[in-house]
Amino acid sequence: MARFTGLRPAVPALCIALLLAACTTPGPVTDTPPTPLPQQPVEPPARTITPRLAAAAEALTRMAAMQERLYRIAAPLLINNADLCKASTRNLLGFTARNRYWYPGEYNEAAGIAFDMGERLQVTGVLAGSGAARAGLRRGDNLISASGKALPVGPNASSTVGAVFGPLVASQASLALQIERDDKTRELTVPVTRACGFAIELGNADNVNSYADGSRVLVTRGMLQFAKSDEEIAYLLAKGMAHNILGHATSQRSVGTIGSIIDNLTNVRPDTSMLIGSGGIKAMPPELDAAADQLSMYLLVRAGVGIDGAPAFWKRLAATYPATVLNGYVANHPGTAARLAAIDKATADIRAKQAAKKTVAP
């Protein structure tokens, strides 16, 4: 964040010339140069952190921790299933970046307090196992240039940086990335990573739900609180990825509706009125839901996630937040019986393939 700086008013030096005269004959007039005053370092005034600003910074810190958790859990699912994502597989750098302008209102200034975020894009998440992680990129690094091309700064940086990175990632096996860390410039070579190209998002709302619009998977804050473990969060992410791979949002003509809800919930202050009732989302047909659950089991196993607890999680979710809770997950995915049968069928096939030492794939 841009730092506020101020200047103290300089104290003018008072130059006094002393005329020295002899008792008899006047002597020459001599100008005595002034003795320079020692320069005092100019320090910016301390930022005034109001209770409101402190609360905003704390909220951003909590959000960042939840987003980082999602990104960490999603990493093996995205990377280890590249060959199952079909048309959604992409070359990725494996990190996310924002600057302070991504945050609205007082959160703009709060980003400076919480993350020391300013005009430059700052790394906000690194995908474990990606080329960025192997190259040593860290959360908090400031981005300067990529393959010699200066990266944008200022209010439009988040929306324009893709125009720089996109062509480079598509045409190069690795990028020379110049970053700033601890006030020092560093050079990193970041290999691109072949992975499922789905964005993983945190929803800033307390309804217990998860959404997939074909290109993104979002898990709400409420769902994160409901899940008892990283493994249960992985079940949700894999299920959302499976819906995206199978093109269900497109076939149900719900890309726009779900997409607008995801757009809203990724805001720091979403419009929660959009969550009244079902939010306009049509319930997923049981046969499509079951197909996504079946595929999700393979995605989980290939990512090294245990699947034995999946049926119990989905049963607990259906019992705690049944379909009558209109802004909950089960209201959008009511076919619990068909889903559990599909999970059992996929689990049996996976176990048989593992026993025969065959590739785990649908």
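Figure 1. Asp183 occupies the loop that joins strand 6 (174-181) to strand 7 (184-191); helices (H or I, at least four residues) and strands (E, at least two) are DSSP runs numbered from the N terminus. The model is predicted, so that local features need pLDDT of at least 70 and side-chain atom pairs count only at pLDDT 80 or more, whereas totals for chains, interfaces and linings use all residues. Residues are numbered from 1 along each chain as its sequence is written, and side-chain values use heavy atoms, with hydrogens and water left out. Phi of Asp183 is near 65°, a positive value in a residue other than glycine. Most residues other than glycine have a negative phi. Asp183 counts as exposed because its relative accessibility is 73%; buried means under 20% relative accessible area, exposed over 50%, and partly exposed in between (1.4 Å probe, protein chains only). Ser147, also not a glycine, has a positive phi of about 50°. Ser147 belongs to the loop between strand 4 and strand 5 (149-150), and with a relative accessible area of 27% this serine is partly exposed.

Figure 2. Gln122 is part of strand 3, which spans residues 122-126. Gln122 is buried, since its relative accessible area is 5%. Its side chain reaches the backbone oxygen of Asp116 at 3.5 Å. With neighbours within four places in sequence left aside, the residues in contact with Gln122 (heavy atoms within 4.5 Å) include Thr96, Ala97, Arg98, Phe115 and Asp141.

Figure 3. Gly140 is partly exposed, as its relative accessible area is 33%. Gly140 and Gln122 are 18 residues apart in sequence, and their C-alpha atoms are 5.7 Å apart in space. Once neighbours within four places in sequence are set aside, Gly140 is in contact with Gln122 and Val123.

Figure 4. The largest pocket holds about 1300 Å³ of space. On a 1 Å grid over the protein atoms alone, a pocket is an open set of points with protein on both sides within 12 Å along at least five of seven lines, and a cavity is a set of points where a 1.4 Å probe fits but cannot get out; lining residues have an atom within 4 Å of a point. Grid points are joined across faces, edges and corners, and a volume is the space filled by probe spheres set on the points. Of the 45 residues that line this pocket, Tyr71, Phe95, Thr96, Ala97 and Ala199 lie nearest its centre. Helix 1 gives the most to the lining, with 7 residues. Among the elements that each supply at least two lining residues are strand 2 (95-98), strand 3, helix 5 (162-171) and strand 9 (199-203).

**Figure 5. The largest cavity.** A search of the whole structure finds 2 cavities of 30 Å³ or more. The largest cavity contains about 200 Å³ of space. It is lined by 19 residues, and those closest to its centre are Ser210, Ala212, Ile258, Met284 and His333. Strand 10 (210-212), helix 7 (230-245) and helix 12 (329-332) each contribute at least two residues to this lining.

**Figure 6. Glu232 in helix 7.** Glu232 lies in helix 7 and is buried, given its relative accessible area of 11%. A polar atom of the Glu232 side chain lies 2.7 Å from the backbone nitrogen of Lys228. Not counting residues up to four places away in sequence, Glu232 touches Ala227, Phe313 and Arg316.

**Figure 7. Trp314 and the nonpolar cores.** Leu237 and Trp314 touch the most other members of the largest nonpolar core, which has 69 residues. The largest share of this core, 16 residues, comes from helix 1 (residues 51-79). A separate second core of 21 residues includes Leu137, Leu168, Leu177 and Val192. Such a core is a set of buried Ala, Val, Leu, Ile, Met, Phe, Trp, Tyr and Cys residues joined through side-chain atoms within 4.5 Å. Beyond residues up to four places away in sequence, Trp314 touches several residues, including Tyr235, Leu236, Tyr329 and Ile343.

Notes: A polar contact is a pair of N or O atoms within 3.5 Å; within protein, one must be able to donate a hydrogen and the other to accept it, and residues adjacent in sequence count only if both atoms are side-chain atoms.
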